[in-house]
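This briefing walks through a predicted model. Keep the sequence and the structure open side by side as you read.

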Amino acid sequence: MGLFDFFKKKQQPKTLLEQAQALGGPLIVNGYRSIAAANNMAPTSKTSDQKIIEIYQRVGSAFREASKQRNEHIPAGYLNTIVLKYFQVYEMMGDMMLDENLKYEVDKYIQEGLREDYKQDLKLF
């Protein structure tokens, strides 16, 4: 960090994607937190807001990439349901098990198609 970097204004998001992420982050976090509170499940206070976004992006990206391999589209509501499952995995077993389980489930999806219990349209907002 240079001498004058401290005085620079924080940059505003430039691209439409960055703007959407800046606005969407709090909506995603609040959506999952309210669903979790209503159902007594993760994400709880053990999971930071930043970790919620990280898991949301990691799991969503993995399943979207796999759906391209299958020439399929997974609806956003289904992805929300899948991500919710991974908050449970993360809080019970940690990052390493989340990654191992995610790899297993993505491979299983590529081979067999989407699990029935993932086919639930979860609305975050």
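Asp-95 touches Lys-51, Arg-58 and Tyr-90, leaving aside its neighbours within four places in sequence. Asp-95 sits in helix α3. Its relative accessible area is 31%, so Asp-95 counts as partly exposed. Across from it, Ile-55 is 40 residues away along the chain, yet the two C-alpha atoms are separated by 9.5 Å.

**Confidence in the prediction**
- The chain has a mean pLDDT of 90.
- Of its residues, 86% reach 70 or more.
- Among the elements, α3 has the highest mean pLDDT, at 97.
- The lowest mean belongs to α1, at 87.
- Where pLDDT is low, predicted coordinates should not be read in detail.

**Helix α2**
- Helix α2 covers residues 49-69.
- Its 21 residues, at 1.5 Å a residue, should span 30 Å; the end C-alpha atoms are 31 Å apart, so the two values agree.
- Buried residues in α2 include Lys-51, Ile-52, Ile-53 and Ile-55.
- Val-59, Gly-60, Ala-62 and Phe-63 are also buried there.
- Ala-66 and Ser-67 are buried in α2 as well.
- An α-helix has 3.6 residues a turn, so residues three or four places apart point the same way.
- Just after α2, Asn-71 has a positive phi of about 55°.

**Aromatic pairs**
- The whole structure holds four aromatic pairs.
- One of them joins Tyr-32 and Phe-87 edge-to-face, at 4.9 Å centre to centre and 75° between the planes.
- This pair links distant parts of the chain, 55 residues apart.
- Tyr-32 belongs to helix α1 (residues 16-39), while Phe-87 belongs to helix α3 (residues 76-112).
- Both Tyr-32 and Phe-87 are buried.
- Another pair, Phe-63 with Tyr-109, is tilted: 6.0 Å centre to centre, 40° between the planes.
- Phe-63 lies in α2 and Tyr-109 in α3, so this pair ties together parts that are 46 residues apart in sequence.
- Phe-63 has 0% relative accessibility, so it counts as buried.
- Tyr-109, at 2% relative accessibility, counts as buried too.
- Ring pairs also join Tyr-32, Tyr-56 and Phe-87 into a cluster.

**Charges over rings**
- Arg-115 lies over the face of Tyr-118, at 4.6 Å from the ring centre.

**The largest nonpolar core**
- Which residues touch the most other members of this core? They are Tyr-32, Val-59, Phe-63, Ile-82, Tyr-86 and Phe-87, out of 29 residues.
- Helices α1, α2 and α3 each give two or more residues to the core.
- The largest share, 12 residues, comes from α3.
- In soluble globular proteins, nonpolar side chains tend to be buried together.

- Phe-63 pairs with Tyr-109 and is among the core residues that touch the most other members.
- Tyr-32 and Phe-87 form an edge-to-face pair, and both are also on that core list.
- Lys-51 is buried in α2 and touches Asp-95.

Note on methods: Residues numbered from 1 in each chain as written. Predicted model: local features only at pLDDT ≥ 70, side-chain atom pairs only at ≥ 80, totals over all residues. Heavy atoms only, no water. Phe/Tyr/Trp six-rings, centres within 6.5 Å; stacked < 30°, edge-to-face > 60°. Helix = DSSP H or I, 4+ residues; strand = E, 2+ residues; numbered from the N terminus. Buried < 20%, exposed > 50% of the residue type's maximum accessible area, 1.4 Å probe, protein only. Lys NZ or Arg CZ within 6 Å of the ring centre and 35° of its normal. Expected span 1.5 Å × (residues − 1). Contact = heavy atoms within 4.5 Å. pLDDT = per-residue confidence, 0-100. Core = buried A, V, L, I, M, F, W, Y, C linked by side-chain atoms within 4.5 Å.
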